Amino acid sequence: MIICKVVGHVWATKKEESLVGQKLMVVREMDGAGQLKEAQFVAADAVGAGVGEHVLVVEGSTARIAAGGNHLPVDCAIVGIIDTLEVEREREVNRSDTPGE
Amino acid sequence: MIICKVVGHVWATKKEESLVGQKLMVVREMDGAGQLKEAQFVAADAVGAGVGEHVLVVEGSTARIAAGGNHLPVDCAIVGIIDTLEVEREREVNRSDTPGE
Amino acid sequence: MIICKVVGHVWATKKEESLVGQKLMVVREMDGAGQLKEAQFVAADAVGAGVGEHVLVVEGSTARIAAGGNHLPVDCAIVGIIDTLEVEREREVNRSDTPGE
Amino acid sequence: MIICKVVGHVWATKKEESLVGQKLMVVREMDGAGQLKEAQFVAADAVGAGVGEHVLVVEGSTARIAAGGNHLPVDCAIVGIIDTLEVEREREVNRSDTPGE
Amino acid sequence: MIICKVVGHVWATKKEESLVGQKLMVVREMDGAGQLKEAQFVAADAVGAGVGEHVLVVEGSTARIAAGGNHLPVDCAIVGIIDTLEVEREREVNRSDTPGE
């Protein structure tokens with residue numbers, strides 16, 4: 001899974017019939033430094049997430065399973081709302097930062 | 001799904017037999033800032049999209065399902081035409097932008 | 001699918017048995033500006049493509065279907081030779097290009 | 001598989017029912033130079049890994065198999081704890097580094 | 001498939017049971033210019049490849065098929081050892097290189 005923030009909604013009247021009834025949220029991935037990446041995804045919401053929440057998102061064939069069935073034209077789905085994220089930041093050595101002496 | 005803009009068509013006379021009858025559109029992904037990315041995809045159109053429209057695109061095995069069957073050699077498909085996209089832009093802190101003061 | 005240009009061939013004597021008889025071509029992806037990307041793929045050719053031609057390429061599990069069977073160890077396949085590509089280039093606003101005035 | 005370092009945990013009370021009981025770890029990919037990439041993933045842990053350990057991570061449909069069943073909404077899983085990594089670094093020629101002399 | 005160079009081995013005592021007996025090699029992808037990318041993968045070896053050899057690597061669900069069974073927690077596998085790679089390099093126009101005159 002990736003960690004994303006829900007940033008909005010998307011509406012599509014004209015769509016695959018089997019998408020009717022799926023709540024579609026716009027999410028953006030959060031990197032290890034807590035920054036949102038520029039890329040955005042549209043995810044089917046299986047857990048009742050709201051805008052502003054941090055969520056767990058699955059991609060690919062797994063998203064169909066999460067969204068409720070292998071026949072669904074869905075490749076991205078929200079499977080959990082994050083309560084706590086506990087991450088150890090290690091000191092990273094960047095090779096373009098030549099340490100002085 | 002990703003959010004794309006339909007930017008063109010592609011024609012291929014010599015192709016896999018099972019692709020005959022599939023309408024193939026060229027799409028480009030739109031990022032969170034509303035910019036089109038340089039990468040382009042060719043997607044089977046399952047919903048009657050036109051050039052200039054913003055659409056929902058699925059990838060991978062899900063595209064076969066959307067395009068009408070697991071036997072189709074399709075890994076990208078348009079599954080919805082976007083009416084409204086409502087996204088909250090958060091103030092992003094860019095680490096290379098050292099705030100003056 | 002992605003749009004690629006066929007740039008070469010690859011030969012492998014020692015390989016998975018089920019790959020015997022598959023014609024393996026080296027392809028490089030073309031972006032929206034008509035530039036080839038640096039990354040290259042090796043694709044099974046299902047349509048008789050030649051070096052220099054622009055082709056439609058599928059990836060992932062779809063490539064197995066295109067190459068002739070779900071048992072094949074293939075994750076990239078050429079499924080069409082492009083005759084015509086008709087794409088609308090939109091004027092893109094690059095955020096680092098601050099428009100004068 | 002990719003080589004990752006386990007950097008933390010994630011807790012989600014509200015989640016897909018079938019995720020209950022899965023231990024979810026935050027991992028970051030290690031590149032060929034031993035650096036952690038900025039992107040992070042959440043992986044189901046199938047082998048009892050701890051924070052700080054280097055692990056083998058599978059993605060996609062393979063992660064469901066590793067996590068214990070095709071019905072699980074999991075697309076990333078830890079399948080091994082690395083004891084030894086023996087890698088030959090070749091001298092790489094970087095095209096932007098014009099060798100002096 | 002992608003073209004990779006085998007650069008090392010990885011050992012993991014504690015791992016998924018079904019991984020026992022799989023030879024796990026560290027590989028790095030080669031781009032169109034013959035450079036190794038920084039990213040590395042761990043691939044199950046189905047053909048007896050050695051360190052220093054250039055190989056064909058499959059990813060995703062296809063790797064399970066190559067490694068010997070759909071139940072294997074493997075998402076990357078070596079399926080061929082490259083004898084010859086014959087690639088046509090085209091003169092690429094880089095848009096940031098403004099041609100003099």
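Predicted model: local features only at pLDDT ≥ 70, side-chain atom pairs only at ≥ 80, totals over all residues.

How many residues of chain D are in contact with chain E? I looked it up: 28 residues of chain D touch 29 residues of chain E, where contact means that the C-beta atoms of two residues, placed from the backbone, lie within 7 Å.

Residues are numbered from 1 along each chain as its sequence is written, while chains are lettered from A and ligands numbered from 1 in the order in which they are written.

**Chain D against chain E**

I checked which elements of chain D touch chain E, and S1, S5, H1, strand S6 (76–81) and strand S7 (84–87) each supply at least two residues. (Helices, H or I of at least four residues, and strands, E of at least two, are DSSP runs numbered from the N terminus.) I sorted that side of chain D by class and got 15 nonpolar, six polar and seven charged residues. For the classes, Ala, Val, Leu, Ile, Met, Phe, Trp, Tyr, Cys and Pro count as nonpolar, Asp, Glu, Lys and Arg as charged, and the others, Gly among them, as polar.

Next I looked at strand pairing, which takes at least two DSSP bridges between two strands. S7(D) runs antiparallel to strand S1 (residues 2–11) of chain E, with four bridges between them. Within that pair, I found Glu86(D) opposite His9(E).

**Chain D against chain A**

Here I got 30 residues from chain D and 29 residues from chain A. On the chain D side, the elements giving two or more residues are strand S1 (2–11), strand S2 (14–15), strand S3 (24–30), strand S4 (36–45) and helix H1 (61–67). S4(D) gives the most, six residues. This side splits into 15 nonpolar, eight polar and seven charged residues.

Strand S7 (residues 84–87) of chain A is joined to S1(D) by four bridges, and the two run antiparallel. I wrote down two of the facing residues: Thr84(A) is opposite Trp11(D), and Glu86(A) has His9(D) as its bridge partner.

**S1(D) inside its own chain**

**How the copies are related**

**One residue up close**

Is Ala63(D) buried or exposed? Ala63(D) is buried, because 27 other C-beta atoms lie within 10 Å; 20 or more makes a residue buried, 12 or fewer exposed, and in between partly exposed, with C-beta atoms placed from the backbone. Ala63(D) sits in helix H1 of chain D. Leaving aside neighbours within four places in sequence, its contacts include Ala44(D), Val58(D) and Cys76(D).
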